[in-house]
Structure formats: structure tokens, C-alpha cells
Amino acid sequence: SSFHQIRARRAQARENAQKSYLALFQPSDFGTFPARERWAVAAFAAGLHREPIATELYASKLRSSEPELGGIIDCEAGRGVTVGPFGHYPAGPLSGEDKPGLIYRVEDGHRSLLGERLSAGLEHTHLLVFHPRDAGQEDLNALHQAGWSSNDIVTLSQLVAFLTFQIRVGAGLRALAASR
């Protein structure tokens, strides 16, 4: 297909993206960031991006093992959808681009089902997707207080960055394939 031909032109990029996927979702050691949380964060992030193909991919992985959790994540992603990016710059010439926006918090009823750790992870994911320039030390402290180790936080950030990259590349490739 023309889609495959486009992808074949960038073999190294494709190979490295696959390695990133495997490192994030099929590592030899998940450490203290288990697969169920990774699939939940991935389904949530894809839902925030309103990307149906990626959302279904990651949500199906989650629903296959934990259907109730999958439903909660679907609901929370729907609650978190907005149009960004938002954030504030330090006082100066870019301050004119400041834009307030939704500060997402997990619904109280879902927080008790998800637990503080995963709830904090979803809230941080939303921050990275829609408020990247607002993320600061206090947000990292909130993750630590919810039980995230420094390694988990790095992996969480890498996972969100990878999904953002994957979703944008997929959209670009579909647009190129459709234009041929």
C-alpha cells in the first residue's frame, strides 16, 4: 500500500518508534509501574487527543484484562477532553500568549476506584498534554506523594511523550496516504 511505502522510507524512525513502544509496554521488568497502569494512562492520553485508532488500541488492551477499569478510563478521558494548549509564561514578552484552561481532576467517585496513585498519574498526564509549560516541581511532588517513584515519573513522562509522537505520526501518515 502507499501507506506502507511511506513508512518504509524511514526505516530507522520506524524501528526506533517500535523499540520505544516495546520499552514502554513490554519491558523485561515493569518495575513499580505495572502494565495495567501503563495501558490505563495510554488509553486516557489517546482519548484526550481524540484519536480513535490509538484510543481503541490502548483501551482494548486495558478492557481485555480489566473491563471495569477500561470503562472508568473512557469516562475520565471524556471528562478531560478540551482544546489547548494552556499555560502561563514567566512575566515577559511571551506573557501575551498566556491562556487559562481546564485543570483536570479525577471525579471523586472514580478516585476511590482508581486509587490515589493512578488518579495522580491521570491528572499529571492531562497536565502534560494540555498544560506542558505549567508543569513544575509541585506537580512532581504530588506524584511522589501518591506513590510514584522518580523512575516511574520519568517513564510516565516518556509514555505520554511517545503517545503524542505516535498519534501525530499516525495522523500525518494517514494524511499523506490519503493524498496519493
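D74 is partly exposed, with a relative accessible area of 36%. In this predicted model, D74 sits in helix α5. Leaving out residues up to four places away in sequence, D74 touches A59 and R63. The C-alpha atom of D74 is separated by 9.3 Å from that of A40, although the two residues are 34 apart along the chain.

E76 is found in helix α5 as well, which covers residues 67–80. E76 is buried, and its relative accessible area is 0%. With neighbours within four places in sequence set aside, E76 is in contact with F44, Y104, R105, V106, E107 and H110.

One of these partners, H110, has its place in helix α6. H110 counts as buried because its relative accessibility is 12%, and the cut-off for that class is under 20%. Apart from residues up to four places away in sequence, H110 touches I72, C75 and E76.

| Residue | Relative accessible area | Class |
|---|---|---|
| D74 | 36% | partly exposed |
| E76 | 0% | buried |
| H110 | 12% | buried |

Helix α2 runs over residues 11–25, 15 residues in total. From the first C-alpha of α2 to the last is 21 Å, close to the 21 Å expected at 1.5 Å a residue. Y21, L24 and F25 are the buried residues named in α2. They lie on the same side of α2, because they cover an arc of only 80° around the axis. An α-helix has 3.6 residues a turn, so residues three or four places apart point the same way. The buried residues of α2 pack against α3 (35–48), α4 (52–65) and α8.

Helix α8 has 30 residues, which should span 44 Å at 1.5 Å a residue. The end C-alpha atoms of α8 are 44 Å apart, in agreement with that expectation. The buried residues of α8 include D152, I153, T155, L156, L159 and V160. Also buried in α8 are F162, L163, I167, G170, L173 and A177.

**The second largest pocket**

Helix α8 also takes part in a pocket lining. The second largest pocket holds about 260 Å³ of space. Its lining is made up of 16 residues, and those nearest the centre are H49, V129, F130, T164 and R168. Both α6 (108–130) and α8 (150–179) supply at least two residues each to this lining. The largest share comes from α8, with five residues. By type, the lining of the second largest pocket consists of ten nonpolar, four polar and two charged residues.

**Backbone details in two loops**

P85 lies in the loop between α5 and α6. The peptide bond from G84 to P85 is cis, with omega near 5°. R50 belongs to the loop between α3 and α4. R50 is not a glycine, yet its phi is positive, at about 55°.

Definitions and conventions:
Residues numbered from 1 in each chain as written. Predicted model: local features only at pLDDT ≥ 70, side-chain atom pairs only at ≥ 80, totals over all residues. Heavy atoms only, no water. 1 Å grid on protein atoms, 1.4 Å probe; cavity = no way out; pocket = protein on both sides within 12 Å on 5 of 7 lines; lining within 4 Å. Points joined across faces, edges and corners; volume = space filled by probe spheres on them. Helix = DSSP H or I, 4+ residues; strand = E, 2+ residues; numbered from the N terminus. Nonpolar A, V, L, I, M, F, W, Y, C, P; charged D, E, K, R; others polar. Expected span 1.5 Å × (residues − 1). Buried < 20%, exposed > 50% of the residue type's maximum accessible area, 1.4 Å probe, protein only. Arc of directions from axis to C-beta. Contact = heavy atoms within 4.5 Å.
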